Amino acid sequence: MAVVFEKTKGLTDIPFHYCPGCTHGIVHRLVAEVMEELGVLDKAIGVAPVGCAVFAYEYFNCDMQEAAHGRAPAVATGIKRVHPDKVVFTYQGDGDLAAIGTAETVHAAARGENITVIFVNNAIYGMTGGQMAPTSLIGQETLTTPYGRKPENNGYPVKMCEMLSTLDGASYIERVSVYDVKHILQAKKAIKNAFTAQLNKKGFSMIEVLSSCPTNWGLSPNEALKCIKDNMEPYYPLGVYKNTLEEVK
Amino acid sequence: MAKVLMKGNEALAEAAIQAGCRHYFGYPITPQNEVTAYMAKRMPEVGGVFLQAESEVSAINMVYGAGGAGARVLITSSSPGISLMQEGISYIAGAEVPCVIANIMRGGPGLGGIQPSQSDYFQATKGGGHGDYKLIVLAPSTIQEMADLVQQAFDIADKYRNPVMILGDGMLGQMMEPVDFDSIKKGENHIEEKTWATTGMGTRKKKNIINSLELDPQILEKHNIGLFKKYEKASKEEVRYEMINCEDAEIILVAYGTIARVVKNVIELAKRENIKVGLIRPVSLWPFPVEPFEKTVDHVKGYLSIEMSMGQMVEDVKLAVNGRKPVYFYGRAGGMVPETDAILEEIRKISGGAK
């Protein structure tokens, strides 16, 4: 019988700990499939964050380091400077990448550090039970914004792709989502472009994935996917923000 | 190579390169800036990596990454910068990543000053970050010893898969002395293959993980016990100290690093006044040398700890002496250095007071 679908070799057999309906599983699979398709699993070294994806080092089927909260781009920098010909990536959430680790993110990009960052933006701190994230939307109710996020108190959500695309060291920056099949396929293409940029030694690449958190948003998985489309996408427009790959063509 | 005249900070950097270190991550801070400048120039010459990070927080995490990836890696800073690194140092110790960290101490607390001090002794030897862990801490008192200990530090770090700290001060970093690099005993010379490092799996069947997270308390306790078995071995095998004139000493001074040099002069001055004074100079601050105290506690009247701090190592001296003889303290802080006259006066007080 012909095999029509197989789990990627880029993931281990350890079951995910993620909540039902969480999109981390999809993003993990896409990253793993891309690495397998590019044939880089044997030379990949990943860096896991602190947050919901803290156990990512168990799931990706390659060498991994677990970083302190927000420090993944610095850890990845250390690894890449030792092994410039290996493929080094980080997998980070919004609190990790855009709050406590903002400096590490911005300066890794400014240096043109030849690494790939997978940024999962679900606009909330999931692991700690649903606090405001730097990317939480205006009006969003969380444990720490029980009356909704108010600009006069909490300021405005951070747009990382827009910020980082202004830096000369950034080679490939794209924002994607995973709320339906079409967008999942687009996300995979974007992730492949980011890894390709690294393989071509173009510098820092980041893919921001608009994701859902049904548990802490208090929505069903389907409602949560719809919420990405209706509420997140208007504030965080999808698209390619920086692409130096085209220039070489 | 004949003897070369070098600043302590430069000797530290050159010794690291000669020990096979090819990765250095740092951030500017006085009084250790000669290290970063030296490395920026020298690393490209030997095909190594010098990287100026955006902060000490980032720099120590680059060290975690590079050390975890199998490199011999050095990071240097001074007191406030070392404070910023404590989170990373805890992770490095927890994940058992070897590296060498040098703290060229200055006066504190807070922003403090830029003059030499020894006020980070507690932070270095008692675990400045969170959790049960130990650094192996080595304290040179000459530029030659700085070069010698840096060489040993890399071997020790690899042997125990543990961070090793070189604890110096601004004076040692800034002053110049002749150094002979040829005379340095090259320890294991060959660096053992780091089969645990994240190098990419290649043909390896099992993936490598560098990590300090463990949510199961039973497993985490086992990990802690494992770390302490390692520390127990180190506390037997890595003890280093110097003893001068201790055999028939009436009073034994205890001092490490820069201030031990001042204290050596005091021994002669005291002799002229017929007071027999000796010196115990701990070179390893952790493990703290207990042996020289055991050897001397029966015949000595008391110990006097001399420090460039408000009194930190004196607590370890008291633990070693364990109430069997009196332990005194004299120190200056904030960048002030105890002078021979003042130390001599303390000795007179103890000697006269005890008679």
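**Notebook: chains A and B**

I began with the strands and found that strand 2 of chain A and strand 9 (residues 209-210) of chain B pair in the parallel sense over 2 bridges, where two strands pair if DSSP finds at least two bridges between them. Strands here are DSSP runs of E of at least two residues and helices are runs of H or I of at least four, numbered from the N terminus. In strand 9 of chain B, B:Ile210 is the bridge partner of A:Gln65.

I noted that this is a predicted model, in which local features need pLDDT of at least 70, side-chain atom pairs count only at pLDDT 80 or more, and totals for chains, interfaces and linings use all residues. Residues are numbered from 1 along each chain as its sequence is written, and chains are lettered from A and ligands numbered from 1 in the order in which they are written.

I then looked up the contacts between the chains: 28 residues of chain A are in contact with 32 residues of chain B, two residues being in contact if their C-beta atoms, placed from the backbone, lie within 7 Å. On the side of chain A that touches chain B, helix 3 of chain A gives the most, with 8 residues.

Last I turned to helix 7 (residues 143-160) of chain B, whose 18 residues should span 26 Å at 1.5 Å a residue, and the end C-alpha atoms are 25 Å apart, which agrees; the expected span is 1.5 Å times one less than the number of residues. I saw that 18 of the 18 residues of helix 7 of chain B are buried, so this helix is largely enclosed by the rest of the structure; buried means that 20 or more other C-beta atoms, placed from the backbone, lie within 10 Å of a residue's own.

Definitions and conventions
A residue is buried if 20 or more other C-beta atoms lie within 10 Å of its own, exposed if 12 or fewer, and partly exposed in between; C-beta atoms are placed from the backbone.
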